[in-house]
Structures are given as structure tokens and as C-alpha cells.
Amino acid sequence: MDGGLLEKLKSFLLDPHRGEQVLRDAGQAGERPVPVIWLLGKTQSGKSSIVSALTGHPHAQVGNGYEPCTRTAGMFDFPAGVPVLRFLDTRGLGEVAYDPREDIAACAAQAHVILAVVRASDPRPQPVFDVLRAVRRTHPDWPVIVAQTCLHDLYPRGADHLDPDPFAAEPPVLPDDYQDLSRMLAGHRRLLADLPGAAVQWVPVDLTQPEDGYGDPHYGLGRLWDVLETALPHGLAMALRQDAPGDDFLAAARQQITGHAIAAAGLGAVPLVDLVAVAAIQGKMLHALARMAGQKFEAQTVGEFVGLLGGGIAASWLLGQAGRTVVKLVPGWGQTLGAVWGATQAGATTYALGQVGARFFDARRRGLATDADALKKVYAEELAAGRALLKERLRG
């Protein structure tokens, strides 16, 4: 077996833009509906923090990763190129002279779940709630989630997040010294009590930075994932969520890796999509991980990484990729077992390669040496973990 495909991967690492046309063509061949989360909220309400926490993307901000789709709305694809999830952000709510009708018309045909984001301390959430009423008049069955953010704005001085967490109950019952927060949360609920259609799901969350000093920087994120699991396609939220504590970089990297692995699995199931498309996804994933780790992924770094792959990982990776193509070409299997095999192999190898990349970049950012044998062990373990992770998702 020659190293042609490995060279393709190397070329995508050196210049990830080379894979964009490959991914566009592959995406058209395997075109499938992508769930869209429509974000509604004022500036500084916490929308960007929520998208970053859900995707592990450190720069999920308006103007940084969002593509404009109307004059005041933008789309953020995760992962970029062949997305498994889209965030549609409507900006300007509550601003002077803002007319939301154009955005409502553009977004209403795309959104699958509406995520309204309201700061807990906001005494005037009506602009956001007015848009919800307008949407629900024509789409009464659309899921609506309201994330009440920045809870700590209304904490008593010096207080931390409540433990045990009282927000699993609806409505939440808070201690007496948290009554300012309790009143605002309840007030928001009363203002939206007349919303037509299905019941609103309220999720208080507080997403902060570790240096802010609160015990859990992702307070309430698990609750938000629980609610999203009922609204998103089967297994997607379960696969993307990251509940386990640990190093911030590795936790965020896992979400990036999983998103790219699901995208690769989607392409791997398409008979006409070749190996290069999967390699393009893997190249973009590794480039994103390097950026997250603050590493310049230039020729010397790429050469070092690919050299480590040659220590046993590359052979396993190439064999798995080739195997998925052979199975898909067997008569009678291409649309059934072959598609499942292709999806599993493409997704699992992408997941394993991403985990190896994350360890490689983590070591570099810490100034530590990397060992080919250790990475080979990581690859083997994560290949099995990737298959298990994708199993439920591929059933959906």
C-alpha cells in the first residue's frame, strides 16, 4: 500500500483551504438535512458563550466564524465545511430601529429549535419574547428553549453557585438570600406565559471563565444538553456533549473531534464519496485542534506529526480507510451493510486520529516530548471508543 492518501492528509494539514472544494463536492453528493438552532437574544446575553460551550469552539462569536445570511443574521456551521449542526444568530434585538421581520422570514424556513438567550438580570426581555410570539403564531409546534444566563449577576455578594443545584425543579425554589434572582427568573416566566403552542423549556445556566472564581464554569450546561437531546436528531446531542471534568483543552478538543467524526461518518455512508473527502475532513479537524492549542501547524510541525503517524498508526488508518471502500463496492452491500461499514470506519478513524492529534498538540503546548508508541496505543484505544460513540448516532 502506498502513502498517497497520507500525502493528501499532509497537504490538507499544510493548507486546509485545499480541502474546501473537495468537501463542497462531497457535501453535495451526500446532502442531508442539518439541524439548525436559531439563536435569539440581545447583545451580551451570552449567545457566543453557549455556542462555544456546546461545540468546544473557542471563537464562536458573531463576525468570527459566522457567514452572513441576512443584513442582521449569520450562520455558524459546526464543523465548518460539512456541518452536523448549524447555529443561526439573529442580532440587534432590542436595538433602536431594529425591524426583525426580514430575519423572521429568512430564519423561519430553516430553524428546527429556537434557543432564546436572556440575561437573568434583564428587566426588559420583551424584544426577544415578541419575536418568539411572532414565530409561534405560525409555528406553534416548534420547540422553544429559553436559556436564562449570567445568574451570578444577582447572587449575594461573594456567593457561589448553589449546591445542590435547585434548577432541576420547575419553577426553581431558591434560598431567601437569592430572592433577587428568584424574582427575575419568575418574572421572565410570567412575561412569556401567554406564548401560544407547546410549553417553553426554561434552562438557567451560568457560563463563566475559570478566572472568574466560580466553582463550575459550565454551571447548568448539562441541563441545556438534556433539553437539546429531546429536540435534536437521535444521538447527536448525546455524542457531542462533554460532561466529564478534565483539562479544558482536551474537553474542548473532544467536542471538535466528535463533530468532525460525525461529519466524516455522514460522508462515509455515501457510495460516491471517496477517501480524499474523508481525509479533507480529518485535515480540517487537525488544523482546528492546532489552532485551539495555540500551535502553528507549519511544515516542520506537520512533518513531525506525520512522522509519528508512520510509527504504526498510518498503516492501521490506511487499512481502515481502504477497507471501507472495498466493502462498499461489493455488489448488494453498497447501499446497506457497505454504507454502515463506510460510516463506521470513516467516523471511527477520524475520531481516533483526532484524539492522537489532541495528545500531540497538548504535549507541544506544554513543552513535552511525544512518543510514537504512546500515540499508537491512544489510536487503538480511541478507535474502539469512536466506534462505540458512533453506534447510537448511526442507528438514528
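**Exercise 1.** State which helix holds Thr350, whether Thr350 is buried or exposed, and which residues Thr350 contacts outside its sequence neighbourhood.

*Solution.* 
1. Thr350 belongs to helix α13, residues 337-366; helices are DSSP runs of H or I with at least four residues, and strands are runs of E with at least two, numbered from the N terminus.
2. The model is predicted: local features need pLDDT of at least 70, side-chain atom pairs count only at pLDDT 80 or more, and totals for chains, interfaces and linings use all residues. Residues are numbered from 1 along each chain as its sequence is written, and side-chain values use heavy atoms, without hydrogens and water.
3. The relative accessible area of Thr350 is 0%, so Thr350 is buried (buried is under 20%, exposed over 50%, partly exposed in between; 1.4 Å probe, protein chains only).
4. Apart from neighbours within four places in sequence, Thr350 is in contact (heavy atoms within 4.5 Å) with Ile257, His260, Ala261, Ala264, Val278, Gln282 and Met285.

**Exercise 2.** Locate Gly197 and give its C-alpha distance to Trp142.

*Solution.* 
1. Gly197 sits in the loop between α6 (179-191) and β7 (201-204).
2. Beyond neighbours within four places in sequence, Gly197 contacts Arg136 and Pro140.

**Exercise 3.** Describe the protein chain by its helices and strands and by its share of buried residues.

*Solution.* 
1. The chain has 14 helices and nine strands.
2. Of its 396 residues, 53% are buried.
3. Of the contacts between residues at least 6 apart in sequence, 73% join residues at least 24 apart.
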